[in-house]
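Hi,

Here is the structure I promised to pass on. Have a look at it first, and then read on for what turned up.

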Amino acid sequence: MENNIIINLKNVSVKLGDNQVLENLSMYIRDKEFITLLGPSGCGKTTTLRIIGGFLEPDSGEVIFGDHSVNGVPPHKRQVNTIFQRYALFPHLNVYENIAFGLRVKKLKEKEISETVKEMLALVNLNGFERRDVNSLSGGQQQRVAIARALAVKPRVLLLDEPLGALDLKLRKDMQVELKNIQQRLGITFIYVTHDQEEALSMSDTVVVMDGGIIQQIGSPQDVYNEPKNAFVADFIGESNILDGRMMHDFECSFAGAKFRCLDKGFGAGESVDVVVRPEDVDIVPVEKGMLSGTVTSVTFKGVHFEIIVDVGGFKWMIQTTDYEPVGKEIGLYIEPDAIHIMKKSKYSGLYGDYSSFSDEIDHLSDIEEEE
Amino acid sequence: MNKKASLGQRLCAAPHILWSAIFIVVPLLMVVYYAFTDASGAFSLEGIRRLSDYTTTFLRSLWFGIIATIICLVIAYPLAYVISQLKVKSQAVTIMLVMVPMWMNFLLRTYSWMTLLEDSGVINNILGKLGIGPFHMINTGGAVILGMVYNFLPYMILPIYTVMTKLDHSLIEAAQDLGANKLRVIRDVVMPSTRSGVISGITMVFVPSVSTFYISQKLGGGSFSLIGDVIEMQFQVSNNFNFGASLSFVLMILILICIAVMNRFGEKDENGGVII
């Protein structure tokens, strides 16, 4: 199974000035998979992509493509192509010539070029756009031209650097589906960079969660959501209540002043751990039936559900529920054993998971910032 | 944007319009008037008829202007590219070095080349100490062109540099990504994207080169007189304003034709030329 690895990064480190951008990063990418590098601004995801593309040489470590090292190989000699954040279409060329650019470099015959361009335009749903000026296209259309241009040269690996970042939400969702379709139809490897966890979860076969130049977790979308390795991953992907807890013995833990049955084992007896409970996994019950009880401090209507913040002994929990509970009401919380996920303590312990200072706005502000 | 300018806006524009009228339109009309009249003020094509005596001078001016412009372009384009690739701080310093000569008087700059190029001048002195030369450099066509290139080179570098700095680096990366090597990137991406700067640069070097007068007198020793020298002579020495105006008028038409031809090449470019 593992011999279909197409790209292998071994102990890659990059330092820009005093800033350690990537630290001893190792990972492999399988042929034909949709892999997403996910993380906040400055986590090193774009840097990793640029290293694979050949735009940046690592200070140390090896980049292996197929079965040979491509360290020092310039971008134009690599079998990878990139979709840039701002499309980077050539403004002096029309749609046809933009897509034909890579084919002309390869010195293909005019007939072959025009066939490929036509095929690519059909692939991205831009039939008949050949003679259009790229500057007159909308963001979504420019993005499609960029995709067609990169795919025209038939790369084995396509690198996508936050390609949907500049599009509005609706278009973004459509393009997500379309990109995934294209990837499956052409059967090529996509390496996708984003800070949008929802995008990562819905499109990828494999998600690589990064922070501070270090890979925090690699796994399928379900894995990283259900079994986050540490408090950072749990917080970055979805919403999480992360509590300081203790493992009593296998299948039993304690947190928030109570004992709970759980499905985790293999920790030392009495080991200090981080406990994750997803907001959608907490049931609201009458106080006397609850495992924990607390006071509702805020309710926000989110469409599909209410987001309720509950103060349980000073720790604020987030609960997503379809039942409205008024502010000030005393409620009981019930948590099933399979809703509890235990994580080893890490440097991220205690930084996330309490909703007392929660603000949507701050979350989004930090999303917008640019990497580099 | 399409709505009518407000009174305030029109008031703000008024001094400029007045200025343009008095110092640009009126003098132009005066040139045209003088060009088609004789000393008594009567309509005359005498000035235009006499132009044929100066065909060689006209051709030489155009020829020297073209050569100087080409040399400037050949020097300035790679230089501007290299400068634009430097770190921001080094860019500022280098651009300042390009501009420093412009702070000095044009006549002084040209005069100093005389002392450098003379048969017993600075360059021949140094070469002589090395056992080479001496070379005859002053009073040649080459010296005149050198003077033009030296004086007008910054006007070529600056507009090209300006468009180079605005060049989107991701375009270069995109081209590399699609398999283009360095030469191809420059030919297919850098050059087309910087055409507007090149056109401004060419205009700004060609126009003053064609109409210059001092350089040819000092560095050409009078044997390479250009149309600018002839015009100067008509005004300063012969006191024949009418013929001087006729020459200026025709020169202006020639320059306008050249610019029109240039702009045809740049037509597709919508960013417009950048004239500093």
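A word on terms before we start: the domain bounds used here come from an automatic or database domain assignment. On that basis, chain A splits into domain 1 (2–226) and domain 2 (240–368). Their C-alpha centres lie 37 Å apart. Do keep in mind that this is a predicted model.

Now for the inside. In soluble globular proteins, nonpolar side chains tend to be buried together. Here the largest nonpolar core has 107 residues, and A:Ala148, A:Leu158, A:Ile191, A:Val209, A:Cys253 and A:Val275 are the ones with the most contacts inside it. Helix H4 of chain A (residues 139–152) is the top contributor, giving seven residues to this core. Both domains of chain A take part: the core draws at least three residues from each of domain 1 and domain 2.

Leaving aside residues up to four places away in sequence, A:Val209 touches A:Leu38, A:Gly39, A:Gln216, A:Gln217, A:Val224, A:Val233, A:Phe236 and A:Ile237. There is also a second, separate core of 44 residues, with B:Tyr77, B:Ala80, B:Met156 and B:Val198 among them.

And where do the chains meet? On the chain A side, 16 residues are in contact with 15 residues of chain B. Strand S6 (80–83) and helix H2 (95–105) of chain A each supply at least two residues of that side, with the largest share, three residues, coming from H2(A). By class, the chain A side has eight nonpolar, six polar and two charged residues.

Cheers

Key. Residues numbered from 1 in each chain as written. Chains lettered and ligands numbered in written order. Predicted model: local features only at pLDDT ≥ 70, side-chain atom pairs only at ≥ 80, totals over all residues. Core = buried A, V, L, I, M, F, W, Y, C linked by C-beta atoms within 7 Å. Buried ≥ 20, exposed ≤ 12 C-beta atoms within 10 Å, placed from the backbone. Helix = DSSP H or I, 4+ residues; strand = E, 2+ residues; numbered from the N terminus. Contact = placed C-beta atoms within 7 Å. Nonpolar A, V, L, I, M, F, W, Y, C, P; charged D, E, K, R; others polar.
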